[in-house]
Amino acid sequence: MIAPLATAVLAFIEGGVSFAIFLAATIGLLVVIAFLVTRDGSAASVYDRIGAGGLSRDSDYAPPAQAESPAAQAERESEIRQLLVARSERLVRQGREPLDVDAELARLLAAEPAEAGQRPARHAADPGLREEVRQLVVARNERLIRQGQEPLDVDAEVARTLEQLGP
């Protein structure tokens, strides 16, 4: 008497569980479809911008327009000074001679390029790197010519590529 009742209860529970799983999947699918249909395609949602912060490659982050203002320069100098003080304290803890923070700060600030955004030409003295970049530009030009496009100015492209490489 108990066995048929237990079998009926188990069958009902199994049917209920599978029904609940099917119902949850169906509701989830309907929510996704409703989201895709009602989504505004012209404006990127918050979720579309996840990972596109200042550290990502495809970021639209641009430095502030007032980066060279006196306040920004003073803040930058203050941060560099804090880093130098920390380095000096670390050297003292290691039993070494402390840094002359003011002299080191003056040396670092004097080593900067005169204009904002101007980098020193660090690769000008390395003919091997310049020749390798030239070979890459020539190969790129050959590919562009095969595609029927206008070739690049080799010297200008070499200089631009070396500038992008930075230090």
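Predicted model: local features only at pLDDT ≥ 70, side-chain atom pairs only at ≥ 80, totals over all residues.
Student: What span does helix H2 reach from its first C-alpha to its last?
Tutor: Helix H2 covers residues 70-93, which gives 24 residues. At 1.5 Å a residue, 34 Å is expected. The span in the model is close to that value, at 35 Å.

Student: Which helix is included in what covers the buried residues of H2?
Tutor: The buried residues of H2 are Ile 80, Leu 84, Ser 88 and Leu 91. Their cover includes a helix formed by residues 101-110, namely H3.

Student: Which residue just after H2 takes a positive phi?
Tutor: H2 ends at residue 93. Just after this helix, a phi of about 85° is found at Gly 95.

Student: Why does Phe 12 count as exposed?
Tutor: Phe 12 lies in helix H1, residues 2-38. Together with Leu 5, Val 9, Leu 10, Ile 13, Val 17 and Ile 21, Phe 12 forms a nonpolar surface patch with about 730 Å² of accessible area. A residue is exposed when its relative accessible area is over 50%. Phe 12 counts as exposed because its relative accessibility is 67%.

Student: What share of the 167 residues is buried?
Tutor: The accessible surface of the protein comes to about 13,800 Å², with 61% of this belonging to carbon and sulfur atoms. A buried residue has under 20% relative accessible area. Of the 167 residues, the buried share is 11%.

Conventions: Residues numbered from 1 in each chain as written. Heavy atoms only, no water. Helix = DSSP H or I, 4+ residues; strand = E, 2+ residues; numbered from the N terminus. Expected span 1.5 Å × (residues − 1). Buried < 20%, exposed > 50% of the residue type's maximum accessible area, 1.4 Å probe, protein only. Contact = heavy atoms within 4.5 Å. Patch = residues over 30% accessible without salt bridge, like charges linked within 9 Å, V, L, I, M, F, W, Y side chains within 5 Å. Areas by Shrake-Rupley, 256 points an atom, 1.4 Å probe, with all protein chains shown as cover. Salt bridge = Lys/Arg side-chain N within 4 Å of Asp/Glu carboxyl O.
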